[in-house]
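Okay, thanks for coming, everyone. Let me put the structure up, and then I'll walk you through a few spots in the backbone.

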Amino acid sequence: MSSSSFSSSSFASSSLPDAGSALVAHGWDEGWGDAFGPYGDEGLLPGRVVRVDRGRCDVVTGDGTVRADTAFVTPHDPLRVVCTGDWVAVDPEGASPRYVRTLLPRRTAFVRSTSSKRSEGQILAANVDHAVIAVSLAAELDLARIERFLALAWESGAQPVVVLTKADLVPDPVTLAHLVQDVETSAPGVPVLTVSARDGAGLDVLTAVVAGGTSVLIGQSGAGKSTLANALLGEDVMDVRAIRDVDGKGRHTTTTRNLLALPGGGVLIDTPGLRGVGLWDAGSGVGQVFSEIEEFAEGCRFHDCAHESEPGCAVLEAIGTGALAERRLESYRKLLRENRRIVAKTDARLRAEIRKDWKRKGAMGRAAMEAKRGGRPL
């Protein structure tokens with residue numbers, strides 16, 4: 001069967017022709033077949049982007065992987081550019097040059113803010129089912145950073161999974177159990193797995209998790225992402241280098257985002273190590289990471305309680321009784337402030353509200369100081 005003879009109905013079928021098996025292995029299903037239907041009528045081919053590089057991308061199709069130009073899918077909005085994990089409609093064989101003509105609507109998107117001052121979002125991966133957050137046990141746990149990753153993961157629409165890598169470096173089971181408990185406390189509702197790529201411990205559980213759909217592997221440099229990816233793939237596909245002895249940090253061995261089919265089913269998107277993990281309109285994600293705080297907040301006397309010094313604050317009461325760690329509240333406040341600043345940069349109404357709030361707090365502060373001075377004006 002030639003590539004141009006594929007119809008949208010044949011791709012949506014549960015029994016695909018042999019030539020379509022590459023698409024099935026990369027996550028194709030009936031929903032994508034329905035979304036692609038109109039483009040099949042135009043003679044275009046369905047495919048999934050497995051790598052993007054300098055205005056061109058590699059797209060896996062029913063006939064194999066093709067190289068295509070992205071000129072038609074490079075808008076000014078950085079969140080709408082083609083990304084690893086996208087499903088696309090691409091020119092059929094014989095077109096020269098070959099172009100990606102359109103992107104199919106994304107189901108999920110993992111987005112962070114750029115480290116630049118331009119207030120832009122950067123999409124790291126598209127159509128992801130699981131966000132696997134790799135955290136190395138070779139270094140002290142940074143729970144605040146884990147919470148930041150989790151906020152982005154929840155906001156993306158994917159199910160987060162925290163994987164504590166290099167578990168062989170913590171041979172004492174009691175110590176390891178305490179570390180897992182610390183992370184579980186900071187990641188309510190999220191599976192926390194311990195894995196050692198060196199001796200294979202825990203890989204069977206992680207393999208079962210990622211077998212069901214598309215997973216993106218994220219984390220800092222040195223977290224062992226590439227080693228973990230190779231262990232899941234069963235071969236050395238990703239370059240691996242030792243971490244630096246000076247500071248224990250890793251080098252960027254992965255420089256692009258690559259989508260790879262796993263032998264046990266599912267696909268994996270490996271990403272470069274992330275030094276900056278800025279939030280991007282992740283308010284609901286932050287709320288999900290700190291769900292216990294928001295549950296306590298429902299018992300506050302005032303619906304707009306800031307959990308600072310208000311009477312009848314159920315959150316502060318929870319800290320007083322030990323039901324809530326103060327570190328969690330501080331992390332919650334910090335991420336909410338950061339997220340609000342990011343949103344305000346693109347939302348004039350919210351900017352005005354923030355300025356109004358600043359003025360209100362400033363007036364309250366001045367009034368308090370004046371009261372301390374016995375009513376004398378400052």
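**A few backbone spots**

Let's start with Arg54, which is exposed, with a relative accessible area of 83%. Keep in mind that this is a predicted model. Where does Arg54 sit? You'll find Arg54 in the loop that links strand S1 (45–53) to strand S2 (56–61). The thing to look at there is phi: for Arg54 the angle is near 55°, so a positive value, and this residue is not a glycine.

Now, hop over to His307. Here too phi is positive in a residue other than glycine, with a value near 60°. His307 is in a loop as well, this one running between helix H9 (291–297) and helix H10 (314–321). Buried or exposed, what would you guess for His307? His307 is buried, because its relative accessible area is 9% and the cut-off for buried is under 20%.

Next up, a peptide bond. Going from Ser96 to Pro97, the bond is cis, and omega is near -5°. Pro97 belongs to the loop between strand S4 (87–90) and strand S5 (100–103).

Okay, zooming out to the whole protein. We've got 12 helices and 13 strands. There are 378 residues, and 46% of them count as buried. If you take the contacts between residues at least 6 apart in sequence, 63% of those join residues at least 24 apart. And the surface? The protein exposes about 18,900 Å², with carbon and sulfur atoms supplying 50% of that.

That's my tour, thanks!

Terms used:
Residues numbered from 1 in each chain as written. Predicted model: local features only at pLDDT ≥ 70, side-chain atom pairs only at ≥ 80, totals over all residues. Heavy atoms only, no water. Helix = DSSP H or I, 4+ residues; strand = E, 2+ residues; numbered from the N terminus. Buried < 20%, exposed > 50% of the residue type's maximum accessible area, 1.4 Å probe, protein only. Contact = heavy atoms within 4.5 Å. Areas by Shrake-Rupley, 256 points an atom, 1.4 Å probe, with all protein chains shown as cover.
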